[in-house]
Amino acid sequence: MRALQLLAERELAVTRREHPASPGPGEVQLRIRVVGLNHIDVWGFRGMAFAKRQYPLVVGAEAAGEVVAIGEGVTNLAPGDRVVPYAALVCGTCKPCRTGRENLCENPSGVRGFHIDGFAQELTNHPARLVVKIPPGVDLRDAATVPVAYATVEHMLFDNARLEPGEWILVQAGGSGIGSIAIRIAKSIGCTVITTVGSADKAAKARALGADHVINYREDRFEGVVRKLTARKGVDVVFEHTGADTWAGSLFSLKRGGRLVTCGATSGPSGNINLMQLFQQQYRIIGSFGAPLSAMTRALDRIAAGVRPVIDTVFALEDFRAGLARLEARDVFGKLLVEL
Ligand SMILES: [Zn+2]
């Protein structure tokens, strides 16, 4: 069968692998159809100094497919079921796992596609407890955005930032995979959305998505525009993932008691914080990484209800590298997918 493997840092190749063995007890075998690209793939491709792993490594942390076989003791799934797999191999027995906070697992054995073999291969085995069924009416492409991107946004907005209908939100980088999803979700619950983009073309697309105010950060200082739009009060929630370039402005855009939730630092990992501002303005700054399984289920239900992800381009497996280059260059509006 075909697989896409990282042979060394920055060296990707489509290879032939043996089919996996039959699924073991508690496992299912999946036929992978679509893989989603995320910044974790860019980090993985570049090679991250602290990531313990061995080459060759099958890439792909986010996927959708079908169950083709089930192992002993699996009762909740059957061949033919359409599913999305949870990328982190969490233990299932520690307290966070038992209380539905799997992304805080105390004994994870790696993230697929990053530390251990991922989903960019035709067939793979996966624990049945870490698989979520795709509801009717949701296609495999939309579903493939769920495990990493859509579920992360779901977790950030609702579990972490506690976004409420009617609130104002600033979504940084509205053209990114997660930014575009955040705009759609926030609009769907009746929020007022301000977003930043880096070109006129993306500004038009963000408006078409429903953003109420779009700021081209190359032309205007976004924090000044946000203050003006909110009568100097600031927004209730800032959705951050760009990091160094926007950090100070994001904090300045928050209203008193506002919440900033962040899941990334694509422009750099360091930012200053004025501690006087932090406590006087009573900001809440929340780090968010991954999502619990329950957020995947909620994300799929949200898509079934019509809040679909934005898909920019679907590549062939051979063109995974081109997709990564587009992500690195921020030359996207929405999600990039690879079909097997
Ligand atoms: Zn655990």
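Me: A pocket is an open set of grid points with protein on both sides within 12 Å along at least five of seven lines. What is the volume of the second largest pocket in this structure?

Reply: The model is a predicted one. Its second largest pocket has a volume of about 170 Å³. The lining counts 13 residues. Those closest to the pocket's centre are Arg17, Arg112, Asp117, Gln121 and Thr124.

Me: How does the lining of the second largest pocket divide by class?

Reply: Five of the residues are nonpolar, four are polar and four are charged. Asp and Arg count as charged. So Arg17, Arg112 and Asp117 fall in the charged class.

Me: What makes a space a cavity rather than a pocket?

Reply: In a cavity a 1.4 Å probe fits but cannot get out, whereas a pocket is open. The structure holds one cavity of 30 Å³ or more. The largest cavity has about 60 Å³ of space.

Me: Which residues line the largest cavity?

Reply: Leu6, Ile40, Asp41, Gly44, Phe45, Val59, Gly113, Phe320 and Leu324 do. H1 gives the largest share, four residues. H1 and H11 each supply at least two.

Me: How many residues of the cavity lining are nonpolar, polar and charged?

Reply: Six are nonpolar, two are polar and one is charged. Gly counts as polar and Asp as charged.

Me: Why is the zinc site called tetrahedral?

Reply: Four donors count as tetrahedral if all angles lie between 85 and 135 degrees. Here the angles among the four donor atoms run from 103 to 119 degrees. They lie inside the limits, so the site is tetrahedral.

Me: How do you know which atoms are the zinc donors?

Reply: The SG atoms of Cys91, Cys94, Cys97 and Cys105 coordinate the ion at 2.3 to 2.4 Å. These distances are within the limit, so the four atoms count as donors. In sequence the donor residues follow the spacing C-x2-C-x2-C-x7-C. Cys91 and Cys105 link distant parts of the chain, 14 residues apart. Cys91 sits in the loop between S6 and H2, and Cys105 in the loop between H2 and S7.

Me: Is Cys105 buried or exposed?

Reply: Buried means under 20% relative accessible area. Cys105 has 11%, so Cys105 counts as buried.

Me: What phi do Arg10 and Arg330 have?

Reply: Most residues other than glycine have a negative phi. Arg10 has a positive phi of about 65 degrees. Its place is the loop between S1 and S2. Arg330 has a positive phi of about 55 degrees. Arg330 is in the loop between H11 and S16.

Me: Which residues does a cis peptide bond join?

Reply: Tyr55 and Pro56, with omega about -5 degrees. Pro56 is in the loop between H1 and S4. Most peptide bonds are trans.

Me: How do you know that S1 and S2 pair?

Reply: Pairing needs at least two bridges. Six bridges join S1 to S2, so the two strands pair. They run antiparallel. Ala3 has Thr15 in S2 as its bridge partner.

Me: Why do S2 and S4 count as edges?

Reply: The open sheet has the order S2-S1-S4. S2 and S4 each have a single partner strand, so one side of each is left without a neighbour in the sheet.

Me: What makes S10 mostly covered?

Reply: Six of its six residues are buried. Thr192, Ile194 and Thr196 point one way, and Val193, Thr195 and Val197 point the other way. Four bridges join S9 to S10, and the two run parallel. Leu170 has Ile194 in S10 as its bridge partner.

Me: How many bridges join S5 and S6?

Reply: Two, in the antiparallel sense. Pairing needs at least two, so S5 and S6 pair. Glu66 stands opposite Arg82 in S6. S3 and S5 pair over eight bridges, also antiparallel.

Methods:
Residues numbered from 1 in each chain as written. Predicted model: local features only at pLDDT ≥ 70, side-chain atom pairs only at ≥ 80, totals over all residues. Heavy atoms only, no water. Donors = N, O, S within 2.8 Å, 3.2 Å for Na, K, Ca; no water. Tetrahedral: all angles 85-135°; square planar, octahedral: opposite > 155°, others 65-115°. Buried < 20%, exposed > 50% of the residue type's maximum accessible area, 1.4 Å probe, protein only. 1 Å grid on protein atoms, 1.4 Å probe; cavity = no way out; pocket = protein on both sides within 12 Å on 5 of 7 lines; lining within 4 Å. Points joined across faces, edges and corners; volume = space filled by probe spheres on them.
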